[in-house]
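Subject: Structure for your review

Dear colleague,

I am handing over the structure below, together with an account of what was found in it. Please read the text with the structure open beside you.

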Amino acid sequence: MKQKTLVPVLLVFAFCAAVSLVRAQEPVKAELDAPFALAQGETGRIESDGVEVMLRSISDDSGCDDPKDCSSILFKGTLLTRVGEKKQMGQIMAFFTPDKPYTMTYEGYRVEMTAIRRPDPKGPLYATFRVVKAAETDKHD
């Protein structure tokens, strides 16, 4: 009798896990020139321009150097940027400040990382990005 009850419970659990996995793989909808936040494994997609930014990894020690003063921010992780069919992946270790974000230019777009935060002390880290069209002087960096 216990086995008959256990099978439906396991099936419900497996279904919920599969739905969570699919939901986690859906891209975060983003807009050009507007901030969006990503947790590890999430992808931000700017549909109108065919631009994607994926936060493949983020080190647990990334973030503000002092929780009470976020004037200096550390990022250690991996980003994947895709524009149409072209993609670029980079392992990055960078220090930046809120007024001078970390930036990278790729295929006519500038990706800015402006903040790293952990809204829930037990939850994941989130990196905040903004994608803008690169100025002509930036396109050759």
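A residue is called buried when its relative accessible area is under 20%, exposed when that area is over 50%, and partly exposed in between. Please keep in mind throughout that this is a predicted model.

By that rule Arg130, at 26% relative accessibility, counts as partly exposed, whereas Glu112, with a relative accessible area of 7%, is buried. The side chains of these two residues meet in a salt bridge, with 3.0 Å from N to O. Arg130 belongs to strand S10 and Glu112 to strand S9, and the pair links distant parts of the chain, 18 residues apart. Glu112 also meets the side chain of Arg110 in a salt bridge, at 2.9 Å from N to O, and in that pair both Arg110 and Glu112 are buried.

Of the 141 residues, 33% are buried, and the accessible surface comes to about 9,300 Å², of which carbon and sulfur atoms account for 56%. Among contacts between residues at least 6 apart in sequence, 39% join residues that are at least 24 apart.

The largest nonpolar core has 25 residues, and those with the most contacts inside it are Leu55, Phe75, Leu79, Met113, Ile116, Phe129 and Val131. Two or more residues of this core come from each of strands S2 (36–39), S4 (51–58), S6 (69–83), S7 (86–96), S8 (102–106), S9 (109–117) and S10 (126–133). In soluble globular proteins, nonpolar side chains tend to be buried together. If residues up to four places away in sequence are set aside, Leu55 touches, among others, Leu38, Ala39, Phe75, Leu79, Ala127 and Phe129, and its partners also include Gln40 and Glu42.

Returning to charged pairs, the count of salt bridges comes to 9. One of them joins Arg82 and Glu52, whose closest N and O atoms are 3.3 Å apart; Arg82 lies in strand S6 and Glu52 in strand S4, so the pair ties together parts that are 30 residues apart in sequence. Arg82 is partly exposed, with a relative accessible area of 28%, while Glu52, at 18% relative accessibility, counts as buried. Both residues also belong to a network of salt bridges that links Arg45, Glu47, Glu52 and Arg82.

If you intend to look at pockets, the largest pocket has a volume of about 160 Å³, and its lining is made up of Asp60, Ser62, Gly63, Cys64, Pro67, Ile116, Arg117, Arg118 and Leu125. At least two of the lining residues are supplied by strand S5 (63–66), and at least two by S9. Ile116 is also among the residues with the most contacts inside the largest nonpolar core.

Neighbours within four places in sequence aside, Leu32 is in contact with Ile46, Asp49, Tyr109, Val131, Val132 and Lys133. Leu32 and Ser48 are 16 residues apart in sequence, and their C-alpha atoms are 8.4 Å apart in space.

With best regards

Methods:
Residues numbered from 1 in each chain as written. Predicted model: local features only at pLDDT ≥ 70, side-chain atom pairs only at ≥ 80, totals over all residues. Heavy atoms only, no water. Buried < 20%, exposed > 50% of the residue type's maximum accessible area, 1.4 Å probe, protein only. Contact = heavy atoms within 4.5 Å. Areas by Shrake-Rupley, 256 points an atom, 1.4 Å probe, with all protein chains shown as cover. Core = buried A, V, L, I, M, F, W, Y, C linked by side-chain atoms within 4.5 Å. Helix = DSSP H or I, 4+ residues; strand = E, 2+ residues; numbered from the N terminus. Salt bridge = Lys/Arg side-chain N within 4 Å of Asp/Glu carboxyl O. 1 Å grid on protein atoms, 1.4 Å probe; cavity = no way out; pocket = protein on both sides within 12 Å on 5 of 7 lines; lining within 4 Å. Points joined across faces, edges and corners; volume = space filled by probe spheres on them.
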